[in-house]
Amino acid sequence: MAYTITMLSWAAVEFGDSLEAKNELTKTLGAIRWAADYFIKAHTEPNVLYAQDHPGSDLAGETAAALAAASIALKASKPAYSAKLLNHAKQLFNFANKYRGLYHNSIPEDGEFYRSSGYEDELLWAAAWLHRATGDSQYADFLRKAGSGGTTNIFSWDNKYIGAQVLVAKLVLEGKVSGQPWDNFKNDAEQFVCNVLQKGYSNIRKTPGGLLWFLPWGSLQYPASSSFILAAYSKYISHASLQCPGGAVRSSELLKAARSQVDYILGSNPKNMSYMVGFGKNYPTHVHHRGASIVSIKKDPTPESCDGGYAKWYDSPAPNPNVLEGALVGGPDENDRYTDLRNNYEQAEPATGTNAPLVGVLAQLA
């Protein structure tokens, strides 16, 4: 949820004019505020974040990033609220940094589903957003001492290094910082971009149909987030070019690559299927989602036992009674295959963390 809001906020900050042009900015800011209100309620004291978190540098760090990014997105329309968010973000960053640890060690049950690979990336990501929100040198000092984290090949809810690297690269390109280690951030960011563009030293795999391929579970999250990086970086180098091992790349090429991924997701793929529910004529109808799978109480008020719903709804061969409009399912496999079954949760489960990165990309393309 925090990653979702950081990415929605980044979309509002980076592509606000594009969202405004399509009358989507107000809705985006409303979604950001809805979640930010929740985070504020969960952060009751400087060193208390409700998630059974004791400690959880990754979780607290990502929430700090979300609130810092949201404070920028909402600054013009809600200045007092923005300041409140920034205060919470600062406290949460201090909490995450001072009491270091992985959240799933505090909440073992979460390790079964959403195990964190580390918290250093979230601290870097939070510091980068706090620096962008405040300009305070203490966050720049943190980034400088921590370093870029090295070249990465994925951007997701669990790995934010490339996000932090791109934010710092923007500062380098604008001439606000220079020399080492700042150049490392920029170089690492650009290596990722080059690899996505198939012009790097370690290019990202693609499916036969052209989808960037990273991991099988929720496969669309990664091309969606990578497309956001491409769209953002295309803005940063709009008056320059990027020198990749495979040749020079202009801004328009980054946006073209992002468009190819969005087109695949929306139906230009071997199955001619839109992986966005409700979009186009052919889209998944057996989405792994309780609200979509179970008929409204207004249509059938019969009480259901906790386990009884499995036989009646989860295992039903019929399409979902409710269309979960706009949701992106997990996505196809590495050979562009997709099986539209509710129990195929690896492919059929939607997640806000998959949708969120596409908001800014779609606005920029539109």
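Visitor: Where is Asp340 found?

Guide: In the loop between α13 (308–314) and α14 (345–348). Bear in mind that this is a predicted model.

Visitor: What does Asp340 touch, not counting residues up to four places away in sequence?

Guide: Pro284, Thr285 and His286.

Visitor: Which residues does the UniProt "active site" annotation cover?

Guide: His288, Asp340 and Glu349, according to the UniProt record, which is an unreviewed entry. They are spread over 62 residues of sequence, yet they cluster in space. The largest C-alpha distance among them is 10.4 Å.

Visitor: Which of this set is in the lining of the second largest pocket?

Guide: His288.

Visitor: Let's stay there. Where is His288 found?

Guide: Also in a loop, this one between α11 (251–265) and α12 (290–293).

Visitor: Is His288 buried or exposed?

Guide: Buried. Its relative accessible area is 18%, and the cut-off for buried is under 20%.

Visitor: What is His288 in contact with, leaving aside neighbours within four places in sequence?

Guide: Tyr314, Arg342, Tyr345, Ala348, Glu349 and Pro350.

Visitor: What does the His288 side chain reach at 2.9 Å?

Guide: The backbone oxygen of Arg342. Arg342 is also among the residues in contact with His288.

Visitor: Switching to cysteines. How many disulfides does a search of the whole structure find?

Guide: One. The disulfide joins Cys194 to Cys244, with an S to S distance of 2.0 Å. The two cysteines sit in distant parts of the chain, 50 residues apart. Cys194 is in helix α9 (residues 182–196), and Cys244 is in strand β1 (residues 241–244).

Visitor: Left-handed or right-handed, and why?

Guide: Left-handed, because the torsion about the S-S bond is about -85°.

Visitor: Are Cys194 and Cys244 buried or exposed?

Guide: Both are buried.

Visitor: And Cys306, buried or exposed?

Guide: Exposed. Cys306 has a relative accessible area of 77%, and the cut-off for exposed is over 50%.

Key:
Residues numbered from 1 in each chain as written. Predicted model: local features only at pLDDT ≥ 70, side-chain atom pairs only at ≥ 80, totals over all residues. Heavy atoms only, no water. UniProt positions renumbered as here; feature names shortened; annotations may be inferred. 1 Å grid on protein atoms, 1.4 Å probe; cavity = no way out; pocket = protein on both sides within 12 Å on 5 of 7 lines; lining within 4 Å. Helix = DSSP H or I, 4+ residues; strand = E, 2+ residues; numbered from the N terminus. Buried < 20%, exposed > 50% of the residue type's maximum accessible area, 1.4 Å probe, protein only. Contact = heavy atoms within 4.5 Å. Polar contact = N/O pair within 3.5 Å; in protein donor to acceptor, adjacent residues only side chain to side chain. Disulfide = S-S within 2.5 Å.
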